[in-house]
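This report describes the secondary-structure packing of one protein chain.

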Amino acid sequence: MHEKISEEDVKLRYITPAVEKAGWDKFTQIQMEYPFTDGMVLVKDGFVTRGKKKSADYLLSYKKNRPLAIIEAKHNWLSLGDGMQQGLSYAECLDVPFVYSSNGSGFLEHDRLTGLEKELSLDAFPGPEVLWRRYVLDKDLSPAEEKEITTPYYYELGGSIPRYYQRIAINKTIDAVSTGVYPGGIDKRILLVMATGTGKTFTAFQIVHRLRESGLAKRILYLADRNVLIDQTVRSDFKPFDKVMVKVSGRKMDSSYEVFMSLYQQQIGPEGEDDTYKQFAPEFFDVVIVDECHRGSAREDSNWRKILEYFSGAVQIGMTATPKETKEVSNIDYFGDPLYIYSLKQGIEDGFLAPYRVLRVHLDKDLDGWRPNQGQRDLSGKEIPDQMYNSRDFDRTVVLDARTIKVADRITRYLKDTDRFDKTIVFCEDIDHAERMRQALSNANADLVAENYKYVMRITGDNPEGKAQLEYFMDDDSKYPALVTTSELMTTGVNCKTCKLIVIDKNINSMTEFKQIIGRGTRLYPKYGKEYFTIMDFRDASRLFADPTFDGEPFSITEGDHTPKITKTYPPGPPRDKYRVNNVDVQIVSEQVQYYGADGRLTTESFTDFTRKTVQSKFATLDAFLKTWTAHDKRVVISEELELEGVFLEKLREKAGHPEMDDFDLICHVAFDAKPLTKRERVKNVQKKGVLNKYSGSARRVLDILLEKYMSEGDVDIGDLRVLSLAEFMPLGTPPQIARMFGGRDKFVSALFELKSELYAAEG
């Protein structure tokens with residue numbers, strides 16, 4: 001049998017030389033240990049850790065924007081194809097066509113374009129031109145198409161580089177426009193579904209840049225339904241187009257520009273006047289992009305539908321986090337099936353989006369309902385209809401002042417326990433409710449409001465003073481406003497990276513609206529201490545997390561059995577009369593905290609429960625854990641493996657409330673309910689057993705020093721020979737000299753192993 005060598009040596013001695021010999025450039029085409037995720041953020045009991053990053057051993061790219069192959073390396077004592085399944089899972093995620101597995105003796109190749117596998121010798125690894133020709137041939141690309149799809153991204157020093165999922169969305173779009181093959185099923189129409197916070201606008205910019213650079217397009221119309229969306233786009237991601245870009249103002253279209261940013265409302269003329277977009281011929285634009293296309297409507301008589309039909313010869317790209325699907329409206333029916341989907345769940349799992357914890361707050365009147373006394377009148381003297389009212393009615397039909405105050409007080413108490421200047425959005429039933437909530441929050445935080453009245457602001461469509469504060473709320477460095485109340489305005493397009501608290505105090509029966517509300521908090525911003533966000537739910541809206549459509553594949557509403565059973569209790573219409581009551585007591589009866597789990601589900605699991613489950617998944621019994629822990633060099637390995645799973649022992653020790661507990665006892669106590677012993681108690685047990693009596697002189701002194709260090713510090717691994725480098729051993733001699741006191745290195749190692757085993761043995 002050949003010498004056993006590590007995975008790293010397999011790469012160094014065999015794989016890297018073979019790949020470079022085949023012609024792959026080590027500076028521009030080979031990326032080793034290529035990490036394509038950041039590792040999922042794990043939150044338990046307020047503790048934040050990161051899971052392991054996904055990383056390919058090798059990513060080989062023909063051009064920077066065109067990865068071609070993945071290589072997974074394994075130890076030389078494993079089979080040639082042992083890394084293939086792992087490589088295939090990475091390749092599927094990264095949309096890479098060729099996968100290789102190697103143990104250093106050769107390569108096993110999997111062609112994802114044909115599904116075929118074959119073995120290759122080390123010197124037969126294909127070069128970049130060979131693989132690219134195979135790809136071009138399989139895709140039947142013309143020389144012009146080949147040139148178009150390899151047009152580089154826009155890049156400036158210090159600028160952003162597309163993440164893997166952005167690259168896939170960009171490449172798939174360029175490929176579709178270049179080849180004329182639209183996988184969505186409808187010619188020249190593309191739908192990209194990307195979760196809020198995953199960079200849809202940056203993706204759109206790179207698409208536009210590459211379409212223009214490749215000659216596939218020149219004039220672009222970018223449509224959104226809110227000024228804040230247009231302004232954010234012009235100032236940030238689309239800024240490199242500054243010299244050729246114009247933000248449409250009023251109803252004037254200047255044909256000297258090439259990139260037009262416009263509200264689609266601006267394109268529709270007042271009744272009796274021509275629509276603005278008709279100033280240009282139907283063939284003027286090559287591409288029309290509809291941002292947040294769920295906000296418009298796919299109805300045949302909708303504004304952006306009329307614009308798109310006028311420019312029907314242009315490529316039309318819809319971008320959204322939540323495709324709008326109702327019996328009357330279907331974006332999928334218009335654009336076709338999504339060309340690419342990157343979901344909220346995937347974004348959280350990859351560590352690019354913030355996970356959430358949910359605090360469900362239950363109020364007695366919401367759960368039990370409230371019924372007025374016979375003939376009872378509200379504050380304005382109106383008689384209140386005699387019926388049972390519950391959470392569906394409160395703030396729509398009946399206003400209980402005490403309920404509003406109780407919600408505001410709970411929000412305030414939460415912020416006082418965390419940080420009163422954490423950016424917070426409170427979603428209310430309507431504008432009237434948003435104003436009353438602003439008043440209640442102002443009263444609950446009168447001390448801060450006295451310092452600056454903008455601490456709490458209402459931002460709704462009817463309030464220019466509030467809307468003027470939206471920019472400051474989104475500004476990372478702006479302290480005010482900290483708390484905002486709203487109804488509809490802030491459900492979409494508001495890029496507030498620092499928003500840490502989302503409060504839901506409105507009835508939500510629309511999955512689209514629910515996704516958009518959740519999306520206000522999903523942006524990660526560790527620089528400002530934001531690694532997760534909290535959803536405080538007063539209306540049981542978080543039940544929608546369990547709906548399979550929350551993070552599932554979008555589908556047309558007309559597809560039979562898949563129709564979501566969501567109904568609107570209150571159809572849209574003029575403001576309803578409300579009955580306002582101020583003499584009804586409202587109390588919080590229960591609360592429940594849930595966390596986003598590693599499996600994508602909400603769980604009530606604590607950090608302690610999470611640790612127990614993680615340890616037991618690796619070690620079925622206490623005895624199995626004990627044998628591994630006492631084995632040579634395994635203590636550090638176990639700790640590192642647990643950290644990769646999100647278990648940090650120092651945080652666990654803090655949570656358990658046993659600062660004096662050894663790592664071993666901490667894990668045994670939490671994972672296996674074993675009786676914890678202090679380090680001192682373990683040392684005394686060893687001494688009582690007389691384990692050390694067979695040693696004398698300097699050898700006995702060495703072991704006594706080890707036990708003293710363990711007892712006082714606890715982080716010393718007495719089975720690790722490196723402990724001999726500690727200052728306490730210097731008067732006794734060098735490590736080889738100390739080993740000779742025990743009769744040689746092997747006997748010294750044996751003595752250390754025996755001492756360690758006895759130290760961690762069960763009491764008794």
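Which strands does H5 lie across, and at about what angle does H5 run to E9? In this predicted model, H5 lies across E9, strand E14 (315-320) and E15, and its direction is at about 175° to E9. Helix H8 (residues 303-310) also packs on the sheet, where H8 touches strand E10 (220-224), strand E13 (287-291) and E14. The direction of H8 makes about 165° with that of E13.

**The sheet of 7 strands**

The strands follow the order E11-E12-E10-E13-E14-E9-E15 in an open sheet with parallel pairing. Strand E11 (245-247) and strand E15 (340-342) are at the edges with a single partner strand each, so one side of each has no neighbour in the sheet. From one strand to the next, the twist averages 15°. The parallel pairing of strand E9 (residues 189-194) with E15 runs over 3 bridges, and Val193 stands opposite Ile341 in E15.

**H5 against H6**

H5 (residues 164-179) also meets helix H6 (residues 200-214): their axes come within 9 Å and cross at roughly 35°. This crossing of H5 and H6 is right-handed. Residues of H5 in the contact include Ala169, Ile170, Ile174 and Val177, and those of H6 include Phe202, Ile207, Arg210 and Leu211. By class, the contact of H5 with H6 has 7 nonpolar, 5 polar and 1 charged residues.

**The sheet of 8 strands**

A mixed pairing is found in the open sheet of 8 strands, ordered E19-E20-E18-E21-E22-E16-E24-E25. Its edges are strand E19 (456-458) and strand E25 (602-603); each has a single partner strand, so one side of each is left without a neighbour in the sheet. Strand E21 (residues 499-505) pairs with strand E22 (residues 533-537) in the parallel sense over 4 bridges. Leu501 stands opposite Thr534 in E22.

| Helix | Strands crossed | Direction |

**Helix H22**

Is helix H22 (residues 663-672) mostly covered or mostly open? H22 is mostly covered, with 9 of its 10 residues buried. Among the buried residues are Phe664, Leu666, Ile667, Val670 and Phe672, as well as Asp663 and Asp665. Just after H22, Asp673 has a positive phi of about 55°.

Technical notes. Residues numbered from 1 in each chain as written. Predicted model: local features only at pLDDT ≥ 70, side-chain atom pairs only at ≥ 80, totals over all residues. Heavy atoms only, no water. Buried < 20%, exposed > 50% of the residue type's maximum accessible area, 1.4 Å probe, protein only. Helix = DSSP H or I, 4+ residues; strand = E, 2+ residues; numbered from the N terminus. Axes fitted to C-alpha atoms, helices over the stretch in contact; angles between N-to-C directions. Left-handed = near helix turned anticlockwise from the far one by under 90°. Contact = heavy atoms within 4.5 Å. Nonpolar A, V, L, I, M, F, W, Y, C, P; charged D, E, K, R; others polar. Pairing = 2+ DSSP bridges.
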